Amino acid sequence: MVMTSVLAAGLSAASIWMVDPVSVDAAPAVEVEPKVMTGSLDAGVYAGRQPDQDVVVVSPLLQLGVRARPEVELGLSMGVVSLSANRRDTGPVRASAPSNFVFGTRWIRDGVGDRHHGYLGFAFSLPTSFEVGADVREANRYARASRGGLDPWQWSPTTMGVIVPVGWSVRGRWFDVGADGALGGLFSAGGDLDDPGFVGQVRGTAAAHIARVRLGGSLAAVYNGRDDLGPLQTSVNPFAELALCAREKVAVCGAHLHAGASVNLDAPYGFGPDGMRVWGMQFGLRWALRDIPDGA
């Protein structure tokens, strides 16, 4: 009987030692960063009257990024371009085709409170069409022109690209400023094997925050060695964004409506001498959605 009582007491003490949080140091909780999905869905639109035709070009573009870790983001983008023209000599003309498929990764650097944001990446642009006609090439040319010539590797059919993008921005309470750019090469992947072409772009952006509205603009310059109409294009790009959040959460808002314009300044697409006087509009939605931890 005594032995049984001692054994029972020992087991009871052992069970208390195993479950009592005061008696045992608890294992430190590992904080798991929430996954982030970034992206945008917008459409570039150009509509103009020209000496030989009236033309409308619409180019929707979807961009997606997944940041499973705070410092690494995997992304892709894919679009479609559609041309509708009424030409003086041949009448109505229609053409459509997918854009290039672009995928890559970026190393992300966020500062304290997400005020500073920077990235350095590496991306490939793969053609989805290897034999295209003159109308599809013209549609892609207007898709580039309606965006100020930016990201030409997205709208270059039968062309493969290798791109290194980089960017940095600083956000204050009432304003933000930033700069981004990219360097790379474009190579023929179908049809006639033309010489490789260097591609580079740089853009500076500034914007002010008024309640849920962000108003700003950017100045951009693009060099596209594969554009047969002219390699250099500069543009001014005013824009407006509306945060789809309560006013007190604007700084971390995950969704914005976006509208902007791209006004080309010089030839081949701009308003300078011998320019085509092309400018375009962009409308869309941008987002950065975070996982919500259980119990939050």
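Modeller: Let us begin with D151, which sits in the loop between α2 (134-145) and β7 (159-171); helices (H or I, at least four residues) and strands (E, at least two) are DSSP runs, numbered from the N terminus. This is a predicted model, in which local features need pLDDT of at least 70 and side-chain atom pairs count only at pLDDT 80 or more, while totals for chains, interfaces and linings use all residues. Residues are numbered from 1 along each chain as its sequence is written, and side-chain values use heavy atoms, with hydrogens and water left out.

Biologist: What is the phi of D151, and is D151 buried, partly exposed or exposed?

Modeller: Buried means under 20% relative accessible area, exposed over 50%, and partly exposed in between (1.4 Å probe, protein chains only). Phi of D151 is near 50°, a positive value in a residue other than glycine. With a relative accessible area of 28%, D151 is partly exposed. A211 likewise is not a glycine and has a positive phi, of about 55°. A211 is placed in the loop between β9 (197-210) and β10 (213-224), and counts as partly exposed at 38% relative accessibility.

Biologist: Which residues are joined by a cis peptide bond?

Modeller: The bond between A267 and P268 is cis, with omega about 10°. P268 lies in the loop between β12 (255-264) and β13 (279-290).

Biologist: How is strand pairing to be read, and which strands pair with β5?

Modeller: Two strands pair if DSSP finds at least two bridges between them. Strand β5 (residues 101-110) pairs with β3 (residues 72-87) in the antiparallel sense over 6 bridges. Strand β6 (residues 116-126) also runs antiparallel to β5, joined by 10 bridges. F103 of β5 is the bridge partner of L76, and F124 in β6 is the bridge partner of F103.

Biologist: Which residues of the largest nonpolar core touch the most other members?

Modeller: A nonpolar core is a set of buried Ala, Val, Leu, Ile, Met, Phe, Trp, Tyr and Cys residues joined through side-chain atoms within 4.5 Å. The largest has 14 residues, of which V55, V57, V81, L83, Y142 and V278 touch the most other members. At least two residues each come from β2 (53-69), β3 and α2, and α2 supplies the largest share, 4 residues. A second, separate core has 7 residues, including A123, I163, A182 and L186.

Biologist: What polar contact does the side chain of R214 make?

Modeller: A polar contact is a pair of N or O atoms within 3.5 Å; within protein, one must be able to donate a hydrogen and the other to accept it, and residues adjacent in sequence count only if both atoms are side-chain atoms. R214 is in strand β10, and its side chain makes such a contact with the side chain of D176, at 2.9 Å.

Biologist: How many cavities are there of 30 Å³ or more, and which residues line the largest?

Modeller: On a 1 Å grid over the protein atoms alone, a cavity is a set of points where a 1.4 Å probe fits but cannot get out; lining residues have an atom within 4 Å of a point. Grid points are joined across faces, edges and corners, and a volume is the space filled by probe spheres set on the points. The count is 1 cavity of 30 Å³ or more. The largest cavity holds about 80 Å³ of space, and its lining includes R144, G149, P152 and Y269. Both β10 and β11 (232-243) supply at least two residues of that lining.

Notes: 1 Å grid on protein atoms, 1.4 Å probe; cavity = no way out; pocket = protein on both sides within 12 Å on 5 of 7 lines; lining within 4 Å.
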